[in-house]
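This report describes a predicted two-chain model. The structure is shown first, followed by the description.

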Amino acid sequence: MSISEALAQGAETAVVGLGTVFAVLIILMIVLHIMKAVFYKEPKPVETQVVEPEPVAEAKTDDIDEGELIAVLTAAIASSLNTSTYNLQIKSYRRVGKKRSAWNGAGIRETIDNRF
Amino acid sequence: MLRQMGEAMQQGNILQVIGTPLMLVVACVLLYLAIVKKFEPLLLLPIAFGMLLTNLPMELGQRLMHPQFFIDPQYLIDGHDLDMQMIASKGGLLDILYLGVKLGIYPPLIFMGIGYMTDFGPLIANPKSLLLGAAAQFGVFAAFFMALILGAMGLGFDVRDAAAIGIIGGADGPTAIFVTKTLAPALLPAIAIAAYSYMALIPVIQPPIMKAMTTKKSRSVVMKQLRPVSKTEKILFPIIVTIVVGLIVPDAVSLLGCLMLGNLAKESGVVDRIGKTMQNELMNIVTIFLGITVGATATAEQFLTPQTLGIIALGLIAFAFSTFGGLLLGNIMYAVTGGKVNPLIGSAGVSAVPMAARVSQQVGQKENPSNFLLMHAMGPNVAGVIGSAVAAGVFLAMFK
């Protein structure tokens, strides 16, 4: 095959080939638009109730039984240090990292890692 | 082996002397890339080991693989049909497994698993993505064109070889293998290795082109959130695609039909058990067979040719031009919509799922850290899979 023949055949195939690829995908695009028109209904903008988390959270902390919370914390520390609860005494505790709990953060990270 | 080397040395055929050891070195380099550099290890590792097995110096009868049974007209019935009797009686283990490649069984089975793992939701939500998936097939035809010219200049590529080389630009391993085993079986190892290596290199190849072709302003466009897609649409999509493609490009159906069967198995939600087999056991088994036998076709006389170098260069050109095509249309969309479309999602039309989409996300986030392009880029990305399968069907229809 000479170079001019190669040029001619290459150009012809490229036009026909790319043309077919575009034609098929454009047809699919039209089908998708029809499908959207048939099956998709614009969701009505639902009035979202604004939840104010702050007061709720505070109310909850008031309700929590201090003794129970301390018992849970003691048990957690004891198990992580491999010791008995009798060797520990909790003097004070406070919440760190207000925005998002560790479990919540770990859950979100795991979901993202799994999908992408 | 030493005797053979001595004979070859006397004939002055240097390639025959160093060919086998050189191929063993190439196999070890590929093993290194797979194990240490983690280049698509799931495929490259079996490919490289297959290469190692096939290049061990053994007598003809002991060999695990005889690529000449599938290529050399001397061994074919009437010069073109496989001699199954001979393969069954004289073939080694890998010859038998290679039948799955040669008869076109493995790539569609892999596509079934890919279909099960693919979510066409972002594409259904944004049908324009299909155009980007089509534009990113530009590289396929650009590489085809250049391969033809190189062939005319004396590198020995004919039209069928050029088509098989072009399909590297589809950035889809199974598709490339499917086309090559039919059109240019002698080039199979080089094309498969080029396709899988460049897929692994997408995060290196694409970003410079993306930055050169877009402006800072267009890169930081934040796109509107995609609409939710109903289950009905997701179930209908694979069925419709199969029918439409089947009517226009029947040669693409063995790949796309299996892709869509896998997807339907997922979206319908009624065949969980077979779905699990498709995406795990079946796909893994087939991947092992495919990798090891494709690697095993790379004997010294098949692989150590000037053509291999040409294929490696053209493969890179194919990937670059596919990226270029997608970005070009992305830029046009950016202009037409008045800046609502981020052109970076165009390069994701190169169908290496999900690497190309991830690259769009990363490049976009560098400009605007609060921008999440990933879901927008997944649309063109899965459209690219359909696009490259259609391009493959076109080549098969024209040159089979």
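## Fold of chain B

Chain B contains 22 helices and zero strands; helices (H or I, at least four residues) and strands (E, at least two) are DSSP runs numbered from the N terminus. Along the principal axes, the C-alpha atoms of chain B occupy a box of roughly 70 × 45 × 40 Å.

Of the 400 residues of chain B, 55% are buried. A residue is buried if 20 or more other C-beta atoms lie within 10 Å of its own, exposed if 12 or fewer, and partly exposed in between, with C-beta atoms placed from the backbone. Helix H22 of chain B (residues 374-399) has 26 residues and reaches 37 Å from its first C-alpha to its last, close to the 38 Å expected at 1.5 Å a residue; the expected span is 1.5 Å times one less than the number of residues. H22(B) is mostly covered, with 23 of its 26 residues buried.

## Domains of chain B

Chain B is divided into domain 1 (2-101) and domain 2 (107-399), with bounds from an automatic or database domain assignment. The C-alpha centres of domain 1 and domain 2 of chain B lie 28 Å apart.

In chain B, 29 residues of domain 1 are in contact with 29 residues of domain 2, a contact being two C-beta atoms, placed from the backbone, within 7 Å. H3(B) supplies the largest share of the domain 1 side, 11 residues. That side of domain 1 of chain B divides into 22 nonpolar, six polar and one charged residues. Here Ala, Val, Leu, Ile, Met, Phe, Trp, Tyr, Cys and Pro count as nonpolar, Asp, Glu, Lys and Arg as charged, and the others, Gly among them, as polar.

## Interface between the chains

Between the chains, 26 residues of chain A are in contact with 38 residues of chain B. The side of chain A that touches chain B has 19 nonpolar, seven polar and no charged residues.

## Conventions

Residues are numbered from 1 along each chain as its sequence is written, while chains are lettered from A and ligands numbered from 1 in the order in which they are written. In this predicted model, local features need pLDDT of at least 70 and side-chain atom pairs count only at pLDDT 80 or more, whereas totals for chains, interfaces and linings use all residues.
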